[in-house]
Amino acid sequence: MESDDRILVPVGPDAARWRTFVGDRTLVVAARTVTSLVRVLDVVPEIVHDDPRITVLFAYDPTSAFNDGVLDLLRSMGCRTLPWSQLSEITPDLLISASENVTVPPGDYPVLVLPHGVGFQKQVPDSTGPGTRLSGLVPEDLLTARRAWLAVSHPAQATQLAGTHPGTVGRTVLVGDPCFDRLRASARWRDRYRSALGVLPGQQLVLVSSTWGEESLVGSCPGLPAELLAQLPTDEFRVALVLHPNVWSGHGAWQVRVMQQTALEAGLITVDPTDGWQQALVASDLVIGDHGSVTLYGAAIGRPVLLAAFGSEAVPGTAGYALRSAAGWLAADRPLRSQLEATVARHRADRFAAVAASAFAEPGESLPRLRGLVYGLLGLAQPKRLCRGPRAFPLPPRTPRGFGL
């Protein structure tokens, strides 16, 4: 499909002539960036599986600066996709998005916004002007129309929003964090993930994690993976690199390959931006990161953490910002191995427990809460089936999909 290809089935004026499944409700997923699309793809199948009453469609919004890779991912998953312009011609019963920066056509159907990271912890460039905006906050018109519902992982996030954006009062819903729940459920697969990533018994896996932007880890010290590989014995250590999908989308896999060529030739493990960072995080022995959500997830599941960068766009008072002082810092001008070993040696499993507690409430309950919310917004009774708990992530792909190195 192309970005402007209209579809005739399962929605449209003559859809009844072509369709096989007749759903009672239509749920549309907004597909704007790889990051946000992957987050929704992680949870929607867990919520509506085996329910023929719900027709799920995807609407491609090409307006993001990071739209590259979205259509490729939709194609690879076999998602029935309509162009964003066609959304105004149908009447969905619910729109779900993990990208808050969408222009939703007029209507009275609700819009459920899931976080694509941890909370509202970054200021990001505003695509509508030269300034910045709070990541995760929907446009004012959706709040004014009382159409938007914002899923939060902790009550503190609702309080944060209420203090700066009063229109969010009454529009937040505590659901917990499905990704955090799955990370915890995946702990039992740690050895399998390590084997799939090529980590041998006795080796330590150092995970380098970077968000996007000039103040990110890879933006401020792109040579760190190569330097780690140069200083760490290959029979004792492996190094994996997790880059925010916006890095891949904004600059392209070719550019990433060129910038990391020395590290790749030295054995760097590159992680698929659409599928695999969670498994690599569970498999890791230490995380070197920045102010991105992956670093916070690593701390929350008990990994030792060293910071190599921390951008000024991080929002003070948030759980993510608390890592700035709670975690140790990597000194690039000192021998790296001794710093890593000292960090691991003095680490306690509960070192970041307070940070995790301020980011994730109701652990293990996110799927039941999300399921109840979605079915309530759709106006459907939940099916009488056994609710599955959070599932472990599958084994990671051996080669990145779509952005391949």
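Predicted model: local features only at pLDDT ≥ 70, side-chain atom pairs only at ≥ 80, totals over all residues.
A residue counts as buried when its relative accessible area is under 20%, as exposed when that area is over 50%, and as partly exposed in between.

The model holds 6 aromatic pairs. One of them joins Tyr-297 and Phe-360, whose rings are stacked, with 5.6 Å from centre to centre and 15° between the planes. Because Tyr-297 belongs to helix H13 (residues 293-300) while Phe-360 lies in the loop between helix H16 (353-357) and helix H17 (366-378), this pair ties together parts that are 63 residues apart in sequence. Both Tyr-297 and Phe-360 are buried.

Another pair, formed by Phe-310 and Tyr-321, is edge-to-face, with 6.0 Å between the ring centres and 80° between the planes. Phe-310 is found in the loop between strand S14 (305-307) and helix H14 (319-326), and Tyr-321 in helix H14, so that the pair links distant parts of the chain, 11 residues apart. Phe-310 counts as buried because its relative accessibility is 11%, which is under 20%, whereas Tyr-321, with a relative accessible area of 27%, is partly exposed.

Ring pairs also build a cluster, which links Phe-180, Trp-277, Tyr-297 and Phe-360.

Aromatic rings also meet charged side chains, as the table shows for two arginines whose charged ends sit over a ring.

| Charged residue | Ring | Distance of charged end from ring centre |
|---|---|---|
| Arg-182 | Phe-393 | 4.1 Å |
| Arg-192 | Trp-189 | 4.5 Å |

Technical notes. Residues numbered from 1 in each chain as written. Heavy atoms only, no water. Phe/Tyr/Trp six-rings, centres within 6.5 Å; stacked < 30°, edge-to-face > 60°. Helix = DSSP H or I, 4+ residues; strand = E, 2+ residues; numbered from the N terminus. Buried < 20%, exposed > 50% of the residue type's maximum accessible area, 1.4 Å probe, protein only. Lys NZ or Arg CZ within 6 Å of the ring centre and 35° of its normal.
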